[in-house]
Amino acid sequence: MAIRQLSETLINQIAAGEVIERPASAAKELIENALDAGATRIEIATAGGGKALLRVSDNGSGMDAADLELAVRRHCTSKISETLDDIRTLGFRGEALPSIGSVARLSISSRRRDSTAGNEISVAGGKIVHLRPAAANPGTIVEVRDLFFATPARLKFLKTEKAEAAAITEIVKRMAIAFPGVRFVLSGPDRSTLEFPATGEDHLARMAQVLGKDFRDNAIAIDAEREDVQLTGFAGVPTFNRGNSAHQYAFVNGRPVQDKLILSAIRGAYAETIPAGRYAVAVLSITLDPALVDVNVHPAKSDVRFRDPGLVRGLIVGAVREALARDGSRAATTDASDMLRAFRPGFQATPQRPQAPWSAATSPSRPYQATAGFGERPQASFDGLVHPTARSEPVFEPAPQAQAAAAEPMARYPLGAARAQIHENYIVAQTDDGIVIVDQHAAHERLVFEAMRKALHSKRLASQVLLIPEIVDIPEEDCDRLMVHAAELSELGLAIERFGPGAIAVRETPAMLGEVDASGLIRQLADEIAEWDTASGLSAKLEYVAATMACHGSVRSGRRMRPEEMNALLRQMEVTPGSGQCNHGRPTYIELKLADIERLFGRS
């Protein structure tokens with residue numbers, strides 16, 4: 001078969017298959033052109049999810065007749081000259097407008113700021129219909145109608161109008177975050193009007209517009225630099241998380257990207273602080289020499305390739321972890337908001353239990369006498385995270401008045417002074433301006449884990465020898481996996497030996513865990529090793545093993561605690577990194593301000 005030159009129209013339609021995948025792709029390219037033209041106001045209108053109509057209007061520099069004629073030709077651009085090593089604009093390939101014009105009905109009207117007249121050009125199915133003078137305001141209006149009418153097979157692959165409209169909304173949000181100094185308006189008969197007023201240099205204000213006002217209250221500032229690569233932005237506290245990664249925004253030299261390396265680094269930075277299936281909320285911006293990043297990886301320009309990916313990943317992980325250690329232990333404000341909603345009249349999350357008959361003990365004539373909620377001898381000494389043997393009988397008596405008075409100054413601590421323990425699981429503490437409710441098991445689990453992680457980097461963890469070794473029966477293949485890593489487990493204070501083909505003898509357990517369910521711990525470790533074991537062993541996974549051990553060795557739900565124990569737990573939480581959430585990412589405490597409580601009772 002003879003080789004022949006393809007027509008210009010067919011070439012453009014082939015290119016459109018890569019550049020313009022859906023209406024949102026066209027919207028992205030047109031908004032990028034408007035931003036490159038210096039626009040400070042961009043209005044986007046859609047109909048039919050962008051398939052019937054997509055109009056982008058801007059107040060940028062505009063184009064004259066000669067520019068318009070070149071703009072709809074392939075590989076014509078004003079943004080680069082002879083090299084790809086110094087790209088400082090969003091667009092640079094010169095493919096977007098001709099690609100759109102080859103598969104849709106494209107109309108562009110534009111006027112330069114210094115000109116008294118405008119011009120208009122129309123393209124349909126890759127052919128120029130006309131180029132003529134036209135009335136126009138300074139700036140440019142690009143109108144795309146009947147997208148993919150020239151390639152009807154592509155229409156079959158588009159989603160519903162609602163889904164396509166949502167994709168365009170997401171594009172506008174990403175652009176709005178990247179350019180807070182630009183006003184964006186998104187409207188049309190297929191949507192509610194969305195407006196993002198310009199916020200100037202206040203990036204956090206723009207993020208609050210897009211991500212919600214709660215993000216401002218739950219965001220930690222990021223500002224780090226390594227080898228001339230700068231990272232700025234905001235990362236949400238771990239307890240402020242979402243069910244998908246749609247709330248993670250990344251920018252490279254101002255360009256919105258969806259780069260796997262960056263998303264992986266964010267996931268790594270939040271390891272052990274967010275539950276499986278949940279995702280952090282973060283907005284990160286990387287600034288570096290354009291020569292150190294390749295933005296020409298794909299025609300859609302959503303992927304980038306760094307010259308030193310390890311440097312970038314290390315910078316992100318290190319900076320976010322440092323920020324979380326510095327300021328990430330606080331609970332999300334949304335936790336308190338959810339709790340307040342639960343208290344409002346009419347709210348019923350679960351069916352109510354039948355109420356006990358009215359008792360004289362709680363009647364208005366005899367106020368209810370609440371005990372302080374302080375209990376038995378300690379199973380844990382929180383100062384050293386050691387578990388002596390617990391006494392089973394409860395000693396649940398009101399705290400003496402002297403104890404309450406002595407605890408009063410402790411209310412000035414961030415987590416306040418312990419006042420009660422309810423349902424043998426939650427510590428209620430009083431602060432200067434509210435109350436704090438702590439999940440004792442989740443909190444102590446985090447403290448134990450952080451102590452184990454710290455010890456991992458200094459020395460072998462201290463162990464306690466069991467008087468009688470505990471024999472755990474498990475499948476032979478699990479025994480094999482555990483014994484391969486016996487030396488590494490020993491570093492954590494867990495000494496095991498083979499006891500026949502299908503059993504493991506546990507001879508020592510980590511001292512800081514106190515009394516531990518060795519059988520349950522061994523079985524869970526065997527399951528985890530089976531899931532992610534590699535030839536390199538557990539050296540890269542020791543922290544995960546430590547997290548598992550911490551869960552098995554923490555204060556259990558249902559154990560009563562004395563006031564000094566609870567206050568010791570609170571004080572240790574205040575100085576421990578990441579204590580705002582447990583190893584599984586659940587919040588360890590919720591704070592309610594006094595003003596919120598008073599509002600519930602109509603006192604403010």
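A residue is called buried when its relative accessible area is under 20%, exposed when that area is over 50%, and partly exposed in between, with a 1.4 Å probe and protein chains only. Helices (H or I, at least four residues) and strands (E, at least two) are DSSP runs, numbered from the N terminus.

The model is predicted, with local features needing pLDDT of at least 70, side-chain atom pairs counting only at pLDDT 80 or more, and totals for chains, interfaces and linings using all residues. Residues are numbered from 1 along each chain as its sequence is written, and side-chain values use heavy atoms, leaving out hydrogens and water.

The protein has 19 helices and 24 strands, and of its 604 residues 48% count as buried.

Helix α7 (residues 203–211) has seven of its nine residues buried, so it is largely enclosed by the rest of the structure. Those buried residues are L204, A205, R206, M207, A208, V210 and L211, and α7 is followed by G212, whose phi is positive, near 100°.

A nonpolar core is a set of buried Ala, Val, Leu, Ile, Met, Phe, Trp, Tyr and Cys residues joined through side-chain atoms within 4.5 Å.

| Core | Size | Residues, among them |
|---|---|---|
| Largest nonpolar core | 91 residues | I42, F184, F215 and I316 |
| Second, separate core | 22 residues | C479, I522, L525 and A526 |

In the largest core, the four residues listed have the most contacts inside it, while helix α10 (residues 309–327) contributes the largest share, nine residues. Not counting residues up to four places away in sequence, F215 touches L204, M207, F234, G236, F240, V281 and V283, where contact means heavy atoms within 4.5 Å.
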